[in-house]
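The following account leads the reader through a single protein chain, from its overall architecture to individual residues. Please keep the sequence and the model in view while reading.

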Amino acid sequence: QVQLVESGGGLVQAGGSLRLTCAAPPNFFNIPTMGWYRQAPGNQRELVAVISNGGTNYADSVKGRFSISRGNTKNTVYLQMNSLKPEDTAVYYCNGRRTAWDGIPYEYWGQGTQVTVSS
C-alpha cells in the first residue's frame, strides 16, 4: 500500500506558525486531489483543507489562518498554518485521492505528524 510522507510537525506556542509538507513517492501516478485531515485525542478525524483542480476548501475553524497549496514537484502539497491555537493540537494526516483509468477510486494516507500548540 502506497503511503504519503509528511513532515513539518512540532511544538509551537500559540500565535506561531508551522508548515506541513506531504509528498507521494517519486514517479507515482498523478494525484489530483490532496488534502489534510487532523485527529485530536478522543475526537474523530476531520477535514482541515483540500485542494484539487476545482480549487480549495477549508474547515470553518481554520479559514483565514491556514493555507493549502501544491508544490512545483508532482504530488506535493503544503499546509501553511498561521495564528495557531491550542485547539489546533492534533495529529495531522495527509490524504490523496485519484481515479484510475478504469474508474476505480484510490485513496492514500500518510503516517501522521504531530502538531502541538502550547498556550
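In which element is the place of Gln114? Gln114 is placed in strand E11, where strands (E, at least two residues) and helices (H or I, at least four) are DSSP runs numbered from the N terminus. This is a predicted model, in which local features need pLDDT of at least 70 and side-chain atom pairs count only at pLDDT 80 or more, while totals for chains, interfaces and linings use all residues. Residues are numbered from 1 along each chain as its sequence is written, and side-chain values use heavy atoms, with hydrogens and water left out.

The chain contains 11 strands and zero helices. Read from the N terminus, its elements run β-β-β-β-β-β-β-β-β-β-β. The radius of gyration of the chain is 14 Å, close to the 14 Å that the globule rule gives for 119 residues, so the chain is as compact as a globular protein of that length. Here the radius is taken over C-alpha atoms, and the rule is 2.2 Å times the number of residues to the power 0.38. Along the principal axes, the C-alpha atoms fill a box of roughly 50 × 25 × 25 Å.

Of the 119 residues, 39% count as buried; the term means under 20% relative accessible area, with exposed over 50% and partly exposed in between (1.4 Å probe, protein chains only). The accessible surface of the chain comes to about 6,500 Å², and carbon and sulfur atoms hold 48% of that surface. These areas come from the Shrake-Rupley method with a 1.4 Å probe, and for residues only the protein chains shown count as cover. Among contacts (heavy atoms within 4.5 Å) with a separation of 6 or more, 57% join residues 24 or more positions apart.

Trp36 is found in strand E4 and counts as buried because its relative accessibility is 0%. The C-alpha atoms of Trp36 and Val48 are separated by 5.5 Å, although the two residues are 12 residues apart along the chain. Not counting residues up to four places away in sequence, Tyr92 touches Glu6, Leu20, Trp36, Tyr37, Arg38, Val48, Phe66, Leu79, Met81, Gly112, Thr113 and Val115.

Gly112, one of the residues touched by Tyr92, lies in the loop between strand E10 (105–109) and E11. Its relative accessible area is 17%, so Gly112 is buried. Beyond its neighbours within four places in sequence, Gly112 is in contact with Glu6, Val91, Tyr92 and Tyr93. Gly112 and Val5 are 107 residues apart in sequence, and their C-alpha atoms are 8.3 Å apart in space.

Leu4 is placed in the segment before strand E1 (5–7). With a relative accessibility of 0%, Leu4 counts as buried. Leaving aside its neighbours within four places in sequence, Leu4 is in contact with residues including Cys22, Met34, Cys94 and Trp109.

Gln114 itself is partly exposed, with a relative accessible area of 39%. Not counting residues up to four places away in sequence, Gln114 touches Gly9, Gly10, Thr89, Ala90 and Val91.

Backbone geometry draws attention to two loops. Most residues other than glycine have a negative phi. Asn75, in the loop between E7 and E8, has a positive phi near 60°. Asn75 is buried, at a relative accessible area of 4%. Ser83, in the loop between E8 and E9, also has a positive phi, of about 50°. Ser83 counts as partly exposed, at 41% relative accessibility.
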